[in-house]
Amino acid sequence: MLRNLILAALLSTGIAAADGDRESERERMVLGVANLVATSGARAGRDLRPEVLEAMRRVPRHLFVPEDVRAEAYRQHPLPIGHDATISAPTIVALMTELLDPRPGDRVLEVGTGSGYQAAVLSGLVGEVFSIEIVEPLARSARERLAGLGYANVTVRAGDGYAGWPEHSPFDKIIVTAAAPRVPQPLIDQLRPGGRMVIPVGTASDAHDLLLLIEKGADGRIRRRSILPVRFVPLVRGR
């Protein structure tokens, strides 16, 4: 009885240390991620930086999924988070994070907050994360969750990710966590010269989406590189 009260108190104050009994699961997840990415054939992401793996090791993933699927939080597959949205498989989160090449001091735009897990991983790697979620209940719960767990450099708002977040642009990096039929031009416009964007592109009729790495040269020219086929929920536009 006393133990349950203590655990509840720790979680209510947002102290991630309360998940200590799942550290071994998280470690196995990280080791599995490193192995899967190294053998995925996605050449641009074959060697995950230690910083990326350590960022994933620090984030309590099970606190970013609904209680009824928490037992599966550290397994290598996506999970539903409500409102027809999902949290990506750990391997995809790691690969997209590595491709983004996050650096200390970077200002990052994330389109598709979901439960806030990707933003939490990026939080420890960059200066600021600005995250947009079109589903208002998801945006609200992610904002509360991230604040409660102490991710103070993440700002979340509800809105249409196609339009980006011009008030805080330009961004050093942009990551999109849902599949768009094409790369939104506002996101390209809001990417700083020398910056990069990671985005899945595809339509409902495609067998797979295609994960793209987009790099913007110092002269503003855009270079697109196909990484690997993936499957994401579609990026929803506002009315």
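In the hairpin formed by β8 and β9, five residues lie between the strands, and Gly-220 has a positive phi near 90°. Helices and strands here are DSSP runs (H or I over at least four residues for helices, E over at least two for strands), numbered from the N terminus. Strand β8 covers residues 209–216, and its antiparallel pairing with strand β9 (residues 222–230) extends over eight bridges; two strands count as paired if DSSP finds at least two bridges between them. Within this pairing, Ile-214 has Arg-224 of β9 as its bridge partner. Strand β7 (residues 191–201) also runs antiparallel to β8, through six bridges, and Val-201 stands opposite Leu-210 of β8. Seven of the eight residues of β8 are buried, so this strand is largely enclosed by the rest of the structure. Buried means a relative accessible area under 20%, exposed means over 50%, and partly exposed lies in between, using a 1.4 Å probe and protein chains only.

The model is predicted, so local features need pLDDT of at least 70 and side-chain atom pairs count only at pLDDT 80 or more, while totals for chains, interfaces and linings use all residues. Residues are numbered from 1 along each chain as its sequence is written, and side-chain values use heavy atoms, with hydrogens and water left out.

Attention now turns to the helices. The axes of α2 (residues 23–38) and α4 come within 9 Å and cross at roughly 65°; axes are lines fitted to C-alpha atoms, for helices over the stretch in contact, with angles from 0 to 180 degrees between N-to-C directions. Met-29, Val-33, Leu-36 and Val-37 of α2 make the contact with Pro-90, Thr-91, Ala-94 and Leu-95 of α4, where contact means heavy atoms within 4.5 Å. Helix α4 itself is mostly covered, with eleven of its eleven residues buried. Asp-101, which follows α4, has a positive phi near 60°.

Asp-106 sits in the loop between α4 (90–100) and β3 (107–111) and is buried, at 10% relative accessibility. Its contacts beyond four places in sequence include Asp-101, Val-126 and Lys-173. Glu-133 belongs to strand β4 (residues 128–133) and is likewise buried, with a relative accessible area of 8%. A polar atom of the Glu-133 side chain lies 3.2 Å from the backbone nitrogen of Thr-113. Beyond four places in sequence, Glu-133 also touches Arg-157 and Gly-159, among others.

Terms used:
A polar contact is a pair of N or O atoms within 3.5 Å; within protein, one must be able to donate a hydrogen and the other to accept it, and residues adjacent in sequence count only if both atoms are side-chain atoms.
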